[in-house]
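User: Hi! Could you walk me through this one? I'd like to get my bearings before I set anything up.
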Amino acid sequence: MRRNVAVVVLLAVAVGVLSTAAGATTRSSGTQKLTKVTLQLKWVTQAQFAGYYAAKAKGYYKAAGLDVTIKPGGPNIIPEQVVAGGQAQFGIDWLSSLMLSRAKGVGLVSISQVFNKSGLTLLTWKDTGINTVAKMKNKKVANWLGGNEFEVFAALAKYGMDPAHNKGVTIVQEPFTMDFFLKRQADAASAMTYNELAQVLEAKNPKTGKLYTMSDLNVIKMQAVGTSMLEDNIFTTSNYLKSAANRATATKFIAASLKGWIYCRDHAKDCVNTVLANGPALPRGHQTWQMNEINALIWPSPKGIGLMDPASYARSAKIVATYGKLKKVPGHEAYRTDLEQAALAQLSGVDTKGLNWKKAVVHVTPGGN
Amino acid sequence: MSTQPVAVAPVPRGALSNRVGRRALDWAPAAVVLVLALVFWQESIAVFNIKRFLAPQPSAIASAFWDHRSELLRAGWFTFQEALGGFVIGCSVAIVAALALARWRGVGRALMPYAIAANAVPIIAFAPITNAWFSPFDKTSKMAIAAVLCFFPVFVNTVRGLTSVRPASIELMRSYAAGEIDIFRRVRVPTALPFVFTALKIATVLSMIGAIVGEYFGGSFNALGVLIFSKSSTFDFEEAWAGIGVACAFGIAFYLAVAGLERLALRGAPSTEE
């Protein structure tokens with residue numbers, strides 16, 4: 001009898017704990033009138049997500065009536081799964097992952113395509129002479145896989161290799177640090193302009209005692225090869241958007257986030273400080289480089305930040321369909337622009353295009369300090 | 001007509017057919033549970049409308065396995081080689097260390113704390129380090145992880161086996177003026193064999209785990225761990241589960257192989273069968 005009571009009490013406590021930990025809801029809290037929402041980032045805290053951190057720090061979310069919790073990502077955290085599972089209302093990930101999840105029946109939709117250019121590159125050492133994708137035949141090419149490989153696979157296939165079956169080229173899954181590339185354990189490494197490239201440049205060349213420079217590397221941009229795809233976008237579940245209240249929340253969220261990105265365009269250093277205040281893994285110098293490179297992926301935004309470019313979308317859809325082995329090419333249903341356009345309308349009077357933005361010259365610091 | 005109960009003639013122990021018959025019946029309850037579990041899994045997905053990306057139906061997993069069987073089996077074999085290599089290295093080092101410890105007790109006192117420390121190393125933390133020491137794309141980094149995982153159970157059990165000899169046996173050997181090597185060969189090692197094999201069976205499973213977990217942190221495209229991780233990231237959960245099934249199959253086959261070896265090695269020993 002006593003044991004049964006103990007079990008019941010334990011269960012009640014467990015249920016209580018679980019329900020309070022059940023995550024954000026969209027009900028407005030009576031006293032605060034702020035709608036709680038959660039954003040799941042694609043990766044760890046870094047300047048790649050500066051716009052969202054800035055929107056929170058500068059009070060843009062609060063002004064829009066939102067109480068936003070930002071959840072950093074990491075290895076083995078798939079934003080689509082977090083959002084589809086209800087632990088976050090909004091997520092940041094690449095368009096390719098979104099299309100793959102939709103093809104498997106997960107009802108997600110992209111509501112704002114923040115980055116309009118791809119930051120993915122293939123890095124090789126200049127002294128290997130591999131300065132084009134064509135020269136990567138029969139070489140070892142590294143990528144993180146898990147949905148990040150399509151641009152690289154398409155580039156390799158463009159020059160006659162079959163990366164999906166390891167024919168004509170050897171594909172390896174790269175770890176999250178660039179040590180393997182510094183040790184020349186692969187011939188070509190996938191690298192984002194804003195992250196891994198900087199990690200290489202922040203490392204010391206043992207032969208010279210000085211940092212590696214761009215002249216030591218070939219940086220082959222997927223944007224230049226022509227197989228680039230759209231990357232970071234804000235997405236949510238179609239179910240979430242069924243209610244008008246949620247649609248309004250989503251629009252406000254987009255508007256405040258874009259305002260944060262616009263702030264980071266015009267006040268890059270301030271945004272770096274904001275990111276640093278949130279405890280990123282990599283230090284100031286690295287975040288400064290990253291902020292600059294991320295801005296380069298957003299600005300200029302001729303149509304206005306966040307608006308989907310149909311041509312880029314079509315190219316991305318085709319590449320995902322081929323290498324993600326989808327039965328059909330994803331159509332217009334994978335994204336919607338109505339909320340985005342409403343958000344841009346809320347930002348009238350603000351420069352949402354950044355046509356005059358110029359990329360800064362950032363000095364690389366050892367170890368990214 | 002005799003109505004007296006007739007005692008059943010004892011079955012000769014070596015009769016193969018009877019052995020198989022008895023074995024098959026032993027497996028029947030487990031087989032029934034397996035079938036029931038699979039049926040329950042299959043039906044509850046449909047009945048409760050569980051989303052595909054949370055748990056696919058066994059039938060979907062089976063068809064995904066069939067569609068990609070060559071890729072999955074090739075990846076399984078690749079990873080198994082890493083597990084096997086690590087198993088051989090880890091167990092050999094462990095057995096040699098245990099032999100040294102049993103022979104020279106001072107060495108044992110020196111080594112034991114480090115063996116315990118080796119066991120306490122969280123393997124997930126160790127994997128990126130071996131990737132840095134060895135190339136993340138070679139098999140050696142994963143073999144290292146598997147070897148570290150296999151070391152402790154085999155070491156501890158072998159030591160236990162070698163030192164849990166009855167004092168009377170040692171005294172008897174000494175009375176025959178047997179040297180240390182003879183004592184080892186005739187008394188300690190045979191006593192230790194059941195312990196060693198128990199540990200080896202544990203190590204087979206651990207080595208497979210070590211190889212796959214290591215591959216989560218970087219590896220060849222041909223590796224099973226990379227495949228499982230990659231497929232689950234791209235929402236191909238049927239394939240990911242099929243990959244997990246292949247990993248289990250290889251682990252079980254490895255375990256059974258060592259168990260079979262145990263049977264052979266311990267044939268002369270007093271029966272320890274359940």
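Predicted model: local features only at pLDDT ≥ 70, side-chain atom pairs only at ≥ 80, totals over all residues.

User: Good to know. How many helices and strands does chain A have?
Analyst: Chain A has 14 helices and 10 strands. Its C-alpha atoms fill a box of roughly 70 × 60 × 45 Å along the principal axes.

User: How does the radius of gyration of chain A sit against the globule rule?
Analyst: The radius of gyration is 22 Å, close to the 21 Å that the rule gives for 369 residues, so chain A is as compact as a globular protein of that length. Buried residues account for 49% of its 369 residues. If you take contacts in chain A between residues at least 6 apart in sequence, 78% of them join residues at least 24 apart.

User: Nice. What order do the strands of the open sheet in chain A come in?
Analyst: The order is E2-E1-E3-E10-E4, five strands with mixed pairing. At the edges sit E2 (66-71) and E4 (108-112) of chain A, each of which pairs on one side only. On average, neighbouring strands of this sheet are turned by 30° against each other, direction ignored.

User: And what packs on that sheet?
Analyst: Helix H10 (residues 244-266) of chain A does. H10 touches E1, E2, E3 (90-93), E4 and E10 (233-237) of chain A, and its direction makes about 65° with that of E2(A).

User: Do me one pair in detail. In which sense do E1 and E2 of chain A pair, parallel or antiparallel?
Analyst: Parallel: E1 (residues 35-40) of chain A and E2(A) pair that way over six bridges.

User: Switching topic: what domains does the assignment give for chain A?
Analyst: The assignment gives domain 1 as 32-115 + 230-368 and domain 2 as 120-225. The C-alpha centres of domain 1 and domain 2 of chain A lie 26 Å apart. Their contact takes 20 residues from domain 1 of chain A and 16 residues from domain 2 of chain A.

User: Which elements of domain 1 give two or more residues to the side that touches domain 2?
Analyst: In chain A, those are helix H5 (95-103), helix H12 (284-298) and helix H13 (310-323). H12(A) gives the most to that side of domain 1, with five residues. By class, the side of domain 1 of chain A that touches domain 2 has 10 nonpolar, nine polar and one charged residues.

User: OK, on to chain B. What pattern does chain B follow along the sequence?
Analyst: Reading along, chain B goes α-α-α-α-α-α-α-α-β-α-α, which comes to 10 helices and one strand. Buried residues make up 35% of its 274 residues. Among contacts in chain B between residues at least 6 apart in sequence, 76% join residues at least 24 apart.

User: Last topic, the contact between the chains. How many residues of chain B are in contact with chain A?
Analyst: 20 residues of chain B are in contact with 21 residues of chain A. On the chain B side, the elements giving two or more residues are helix H5 (123-133), strand E1 (219-220) and helix H9 (224-233) of chain B. H9(B) provides the largest share of that side, four residues. The side of chain B that touches chain A divides into 10 nonpolar, nine polar and one charged.

User: Which strand of chain A does E1(B) pair with?
Analyst: Strand E7 (residues 170-173) of chain A pairs with E1(B) in the antiparallel sense over two bridges. Within that pairing, Gln173(A) stands opposite Gly219(B) in E1(B).

Conventions: Residues numbered from 1 in each chain as written. Chains lettered and ligands numbered in written order. Pairing = 2+ DSSP bridges. Axes fitted to C-alpha atoms, helices over the stretch in contact; angles between N-to-C directions. Contact = placed C-beta atoms within 7 Å. Nonpolar A, V, L, I, M, F, W, Y, C, P; charged D, E, K, R; others polar. Rg over C-alpha atoms; globule rule 2.2 N^0.38 Å. Buried ≥ 20, exposed ≤ 12 C-beta atoms within 10 Å, placed from the backbone. Domains from an automatic or database assignment.
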